[in-house]
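The exercises below ask for a reading of one structure, step by step. Work each task on the model before turning to its solution.

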Amino acid sequence: MFKIGIINKPHGVKGEVSFTFSDDIFDRVDCDYLILMLDGILVPFFIEEYRFRSDCAALVKFEGVDTAEKARAFTNVEVYFPIKYLDEDEDGEIASWSVFEGFKVIDKNHGDLGEIAGVDDSTINVLFVIVKDGKELLLPAHEEFIVDLDRKHKVIHVNIPDGLLD
């Protein structure tokens, strides 16, 4: 799982909730449920319908949640997406770089670069925000740099071109 957002509050009286997200992967990948963190437990909820309010907010209606009272129980609940749907999209491209947040990055020549604390996709060139010992490093998120990917241990092995880390 990787975190994609948070439920804000109920919307209306029919069980809809306001959902703020950092990644709209639920709209781009064929998966009909989201995972919610309820009382420390990850629980899947099937999406009945959703509609976007902006580029980072949506109204979501989950199956079985039909009243504002039931929806209120989801206030400030973290929302996760299952990694198994993210491997690649139809074009063979990585569907979302955000899935790598929390991964340790080890370079072939420079060793341990730190942990991916975030993904900056505000420009056409997506960057990993890597933090080590309080210092921040921006590294292009590019498939050609990835040598090996260990999802189980959350480690990315990369081979960064000379001069890019300077």
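A residue is called buried when its relative accessible area is under 20%, exposed when it is over 50%, and partly exposed in between, with a 1.4 Å probe and protein chains only. The model is predicted, so local features need pLDDT of at least 70 and side-chain atom pairs count only at pLDDT 80 or more, while totals for chains, interfaces and linings use all residues. Residues are numbered from 1 along each chain as its sequence is written, and side-chain values use heavy atoms, with hydrogens and water left out.

**Exercise 1. Describe the protein chain as a whole: which elements does it hold, and in what order do they run?**

Step 1. Elements are taken from DSSP runs, numbered from the N terminus: helices are H or I runs of at least four residues, and strands are E runs of at least two. On this basis the protein chain has two helices and twelve strands.

Step 2. Read from the N terminus, the order is β-β-α-β-β-β-α-β-β-β-β-β-β-β.

Step 3. The C-alpha trace spans about 60 × 35 × 30 Å along its principal axes. Of the 166 residues in the protein chain, 39% are buried.

Step 4. Accessible areas come from the Shrake-Rupley method with a 1.4 Å probe, and for residues only the protein chains shown count as cover. The protein chain exposes about 9,700 Å², of which carbon and sulfur atoms supply 48%.

Step 5. A contact means heavy atoms within 4.5 Å. Among contacts between residues at least 6 apart in sequence, 53% join residues at least 24 apart.

**Exercise 2. What is the strand order of the open six-stranded sheet, and which strands form its edges?**

Step 1. Two strands pair if DSSP finds at least two bridges between them. The order of the open sheet is S10-S9-S8-S7-S12-S11, and its pairing is mixed.

Step 2. Strand S10 (135-140) and strand S11 (146-150) are the edges, each pairing on one side only. From one strand to the next the twist averages 35°; axes here are lines fitted to C-alpha atoms, for helices over the stretch in contact, and angles run from 0 to 180 degrees between N-to-C directions.

Step 3. Strand S8 (residues 111-120) runs antiparallel to S9, and five bridges join them. Ile116 stands opposite Ile130 in S9, and a hairpin of six residues connects S8 to S9.

Step 4. Strand S9 (residues 127-132) pairs with S10 in the antiparallel sense over six bridges. In this pairing Phe128 stands opposite Leu139 in S10, and Lys132 has Lys135 as its bridge partner.

Step 5. Two residues lie between S9 and S10 in their hairpin, and Asp133 in the turn has a positive phi of about 50°.

**Exercise 3. How many salt bridges are there, and is Glu16 buried or exposed?**

Step 1. A salt bridge needs a side-chain nitrogen of Lys or Arg within 4 Å of a carboxyl oxygen of Asp or Glu. By this rule there are six salt bridges.

Step 2. One of them joins Arg51 and Glu16, with the closest N and O atoms 2.4 Å apart. This pair links distant parts of the chain, Arg51 in strand S4 (residues 41-52) and Glu16 in strand S2 (residues 16-21), 35 residues apart.

Step 3. Glu16 is buried at 12% relative accessibility, whereas Arg51 is partly exposed at 42%.

Step 4. Asp66 and Lys61 form another salt bridge, with the closest N and O atoms 2.8 Å apart. Asp66 is partly exposed at 44% and Lys61 is buried at 6%. Glu48 joins Lys61 and Asp66 in a network of salt bridges.

Step 5. Asp112 and Lys104 meet at 3.8 Å, N to O. Asp112 is partly exposed at 32%, and Lys104 is partly exposed at 35%.

**Exercise 4. How many aromatic pairs are there, and which rings form a cluster?**

Step 1. Rings of Phe, Tyr and Trp (its six-membered ring) pair if their centres lie within 6.5 Å; planes under 30 degrees apart count as stacked, over 60 as edge-to-face and the rest as tilted. The count is 13 aromatic pairs.

Step 2. Tyr50 and Phe52 are edge-to-face, at 5.8 Å centre to centre with 85° between the planes. Tyr50 is partly exposed at 30%, and Phe52 is partly exposed at 37%.

Step 3. Phe100 and Phe103 are also edge-to-face, at 5.3 Å and 85°. Phe100 is buried at 2%, and Phe103 is buried at 2%.

Step 4. Ring pairs link Phe19, Phe21, Phe26, Tyr50 and Phe52 into a cluster.
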